[in-house]
Amino acid sequence: MKVKLEKILDHKAIQHKIRRIAYQIYETNVNEDEIILAGIADNGYKFAERLQSSLEEIAPFKTVLCKVTMDKQNPLGTVKTSLTEEEYANKSVVLIDDVLNSGTTLIYGVQHFLNVPLKRFKTAVLVNRNHKKYPVKADFKGISLSTSLNESVKVTFRKGNDMAVLE
């Protein structure tokens, strides 16, 4: 059986959403000297890199990338960050992922960052699927999509050819 792909965001649309989210992050952190963009590996980190590029064009503050890794099938106790707790303590942090499905990945990522005091904590996703099983929300989102549970959203980040498809 062949899987039917439906393109929901092409490269141009993704670039537009990244720019809009970057402006929202800037507006929320307008008085900051530095913010942490914590991208969940792998695609959340690629999304964070693109947000950082856009923020560097518009915002005067420093953006620091942080890679968040975890076992997405069994996330409890597996979350690790490329920055130490001291490096993001008392800072403004944005936790970033490509797709918000059930909320499992995002909630365990949030839990990890709550071990230290933070100045502000927000979340950003490119696609919000509205199938949450945890009370977690995306503060900044590119698109909200109501899909069936048997469908999946795949985001591909390739230089000059980013896309999001529903399968």
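**Terms and their grounds**

Mentor: Setting aside residues up to four places away in sequence, Tyr134 touches Ser102, Gly103, Thr104, Ile107 and Tyr108. The model is a predicted one. Tyr134 itself sits in the loop between strand E6 (120–128) and strand E7 (140–144).

Trainee: What is the separation of the C-alpha atoms of Tyr134 and Gly103?

Mentor: They are 5.6 Å apart, although the two residues are 31 residues apart along the chain.

Trainee: Why is Tyr134 called partly exposed?

Mentor: Its relative accessible area is 28%. Buried requires under 20% and exposed over 50%, with partly exposed in between. The value of 28% falls in that middle range, so Tyr134 is partly exposed.

Trainee: Why does His112 count as buried?

Mentor: The relative accessibility of His112 is 16%. His112 lies in helix H4, and, leaving aside neighbours within four places in sequence, is in contact with Val79, Thr81 and Tyr88.

Trainee: What makes H4 largely enclosed by the rest of the structure?

Mentor: 8 of its 10 residues are buried, and therefore H4 is described in that way. The buried residues are Thr104, Thr105, Leu106, Tyr108, Gly109, Val110, His112 and Phe113. They pack against strand E2 (34–40), strand E3 (62–69), strand E4 (80–81), helix H3 (85–88), E5 and E6.

Trainee: Why is Asn90 called exposed?

Mentor: Asn90 has a relative accessible area of 52%. Exposed means over 50%, so Asn90 qualifies. Asn90 is found in the loop between H3 and E5.

Trainee: How do you know that the peptide bond from Ala41 to Asp42 is cis?

Mentor: Omega for that bond is near 0°. Most peptide bonds are trans. Asp42 belongs to the loop between E2 and H2.

Trainee: Which residues touch the most other members of the largest nonpolar core?

Mentor: Leu55 and Val127 do, in a core of 32 residues. Helix H2 (residues 43–58) gives the most to this core, with 6 residues. Apart from this core lies another, of 21 residues, among them Tyr88, Leu100, Phe113 and Val116. As for Leu55, its contacts beyond four places in sequence are Ala22, Ile25, Tyr26, Ile35, Leu37, Phe61 and Thr63.

Trainee: What is the volume of the largest pocket, and which residues are the closest to its centre?

Mentor: The volume is about 420 Å³. Of the 20 residues that line the pocket, Lys72, Val99, Asn101, Ser102 and Thr105 are the closest to its centre. Strand E5 (92–100), helix H4 (104–113) and strand E8 (153–156) each supply at least two lining residues, and E5 provides the largest share, 4 residues.

Trainee: Where does UniProt place the feature "domain: Phosphoribosyltransferase"?

Mentor: The unreviewed UniProt entry places it at residues 6–144. Over those residues the chain is 35% helix and 32% strand, and the end C-alpha atoms are 15 Å apart.

Methods: Residues numbered from 1 in each chain as written. Predicted model: local features only at pLDDT ≥ 70, side-chain atom pairs only at ≥ 80, totals over all residues. Heavy atoms only, no water. 1 Å grid on protein atoms, 1.4 Å probe; cavity = no way out; pocket = protein on both sides within 12 Å on 5 of 7 lines; lining within 4 Å. Points joined across faces, edges and corners; volume = space filled by probe spheres on them. Buried < 20%, exposed > 50% of the residue type's maximum accessible area, 1.4 Å probe, protein only. Contact = heavy atoms within 4.5 Å. UniProt positions renumbered as here; feature names shortened; annotations may be inferred. Core = buried A, V, L, I, M, F, W, Y, C linked by side-chain atoms within 4.5 Å.
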